[in-house]
Amino acid sequence: MSWDAFTSSARRLAQKEPKHGSRTSVIGAMVVLAAGMGVLAAVAVVPGTAFVAATASDVSRDAVELPLDLAEQPNPQTTRLLATDGSLLAYFYQENRQDVPLEDISDNVKDALISIEDNRFYEHGALDLEGTMRALVNNAAAGQTQGGSTLTQQLVKLTLVQQATTEEQMRAATETSVARKIRELKLAINVEEKLTKDEILERYLNIAYFGDGAYGISAAANHYFSKSPDELNIRESASLAGLVQNPDEFNPRVFPERALQRRNTVVNVMAGQGKIDQETADALLAEKLQLEITSFPNGCVESVAAFSCDYIRRYLLEEEALGDDVEERRARLERGGLTIQSTIDVRMQESINGAVRKRVGAKDGAIGSLALVEPGTGNVRGVAQSRPMGTDKGAGETFLNFSVPGRYGESGGFQAGSTFKIFTTVAALKEGIPVNKSYNSPQTMTVPAGTFFTCEGLGTSSWDVKNSTGAGNFNMYTGLRQSVNTYFAQLERDAGLCNTVRAAEAMGIQVPDNDKVGPFTLGVTSVSTLDMAAAYATAASGGEYCEPRPVAEILDTNGEVVKEYPTECERVMNKEQAAQVNDILRGLQQPGGFGFSNGTGLDVDSAGKTGTTNSSQAVWYVGYTPELAAASMIAGANRQGEPQGLVGVTLRGQGISFSQAGGSSLSGPMWKDAMGTIQNYLDGRRFAAPPQQAPARPQAQPNTAGGNDDPGGGGDDDDD
């Protein structure tokens, strides 16, 4: 007999006119109920470990064959991503839940829940025969649904639903049938044998769904009343206890009138059972719900560090300590209740957020990007971009992360222009070329085929080079500070293309084989701002390249370490060579330097380099102090994120002309917007003195190219 047929028969008997007195219909109903209850009672009185005798019914035989134990699986827990100061950056979860011990839950909650769901909880075993019979009789007589399941039976059902991984398992856990009831009861008996009543109540309060995405009493208390579960008063406790019967129907945020009626029902029941006095109940019945909603957004979209958060999420999906494959790692991230301690500094993050928004609009035909890396550790202090995270393309939203390498953000990156000249400089210094090395650097020159050779010994084709910053005789100081292309074509020749590429790779740049050509020194390789910030942090640190490190450690729900992330640094140049590079690049940030002339100067020691690519598709300003490297880029990009020229693009309502599309004039101010504030968070350390002082300034010819990258012009900074 199905459960519906069983209760229907009892209802028909209960509703018949009595022939032999007023008790006849009830007695008839009881006969039917007793027939069904016979199986339930048999299950109830025989311990689960000894439940081996079968009756003649199929249902009873099915019950015997069911497993005796629930699988011991932890509840899905919410993972938290934290900033360096311990503040929350984001939650990751499948179910928003944070388990809490019973002693951290208000007694008001326990009283309210037991009153409305299972008043005899501490008096009965797995099955409350008295309560079940009463509910069945009332349901049969009135055609209503009155709960008869104990909290233990409800815990079993909630656990089976949570652990269901297939549609068949879900149907078995939720179907309306005597078989399901017996299965739940059998499992409930075993639970009662293994756990104390307090342990059962604790598990129930942590697994129950309270609606509106809140799983467990802790999430519910924080969501609906913005407080921890130990702080809940009677009014709040009654409101929450009333939700578990039907959390969607009584959702107080969506249906406040229904929730209020349900809360009042709980209050009245508590008063009727003597849990509270009538005076208290009357006062509570006169009060409103008084919700104080706190949202728990899932994922990165609403985070103050949206794209830093998404970078970390993707980074963790490659972490083997979280699982053997991406699906296992995602499940651990969203169900494991982890605490992820990131290296993101919220103050710095907010500074770069404001800088990119100020200079580039979400719907502009360009991308503004900033990335921050700490020298000597690789700690990623934040990444930001002008296009916000989201699905509304009309509002400029995207999930492409333009600030990080493609494996973490799905962007192809942008060419970096003359910022790559640092790699040629490093290669030259490591080869022993002195800083006073001078070359006659004409406005244009042709480098013949066979001048450059790759590490594999392959020669390159001829290369026509032109300057956008004047001509004349330059040394390493003036050639780099003025970003003279024809000087660096010759310096790369003497340092060696192979050595220059190796210097870039040692500083974290991934160089495709097709980019290992003469113009490499002019930045033909596509990179992210994070790549460049980490590369320039190498010089700032005194010569050690450190892998970008967005996460410091991962802790499990018990606070035990799952994975620690030590710094991964390797020396790629000695301290003297690094000090020399820093001293040369300080010129950009000093009076007379391209950056300083565009307002990028700081109150602390700083250095930097500009870059502009062909057709002014991307303009860069990579600057740093001894404590922080910051890469700033504005790149032309259509709605799909594909590169386009900046000339003619409108940024925040202002059209960009050819002369304005330069690294120091366009990206430099965005860099200063961020670093002008961030410098206040730094200690003000100074660069080490260089081994070689700046040589006497050679005579240079005035610029006649009609465009200038570094002083704010927009000439072709690299040729590919």
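Glu 236 and Lys 227 are both buried, and this predicted model lets us work through that pair and a few others.

**Exercise 1.** Decide whether Glu 319 is buried or exposed, then do the pair it makes with Lys 563.

*Solution.* Glu 319 has 10% relative accessibility, so it counts as buried. Lys 563, at a relative accessible area of 27%, is partly exposed. The two form a salt bridge, their closest N and O atoms 3.2 Å apart. That pair links distant parts of the chain, 244 residues apart: Glu 319 sits in the loop between helix H14 and helix H15, and Lys 563 in strand S14.

**Exercise 2.** Find what the side chain of Lys 197 reaches, and say where this residue lies.

*Solution.* Next, check burial: its relative accessibility is 15%, and because buried means under 20%, Lys 197 counts as buried. Then look for partners. Its side chain reaches the backbone oxygen of His 124 at 2.9 Å, and a polar contact of 2.9 Å joins it to the side chain of Glu 192. Beyond neighbours within four places in sequence, Lys 197 also has contacts that include Phe 121, Tyr 122 and Thr 152.

Technical notes
Residues are numbered from 1 along each chain as its sequence is written. This is a predicted model: local features need pLDDT of at least 70, side-chain atom pairs count only at pLDDT 80 or more; totals for chains, interfaces and linings use all residues. Side-chain values use heavy atoms; hydrogens and water are left out. Helices (H or I, at least four residues) and strands (E, at least two) are DSSP runs, numbered from the N terminus. Buried means under 20% relative accessible area, exposed over 50%, partly exposed in between (1.4 Å probe, protein chains only). A polar contact is a pair of N or O atoms within 3.5 Å; within protein, one must be able to donate a hydrogen and the other to accept it, and residues adjacent in sequence count only if both atoms are side-chain atoms. Contact means heavy atoms within 4.5 Å. A salt bridge is a side-chain nitrogen of Lys or Arg within 4 Å of a carboxyl oxygen of Asp or Glu.
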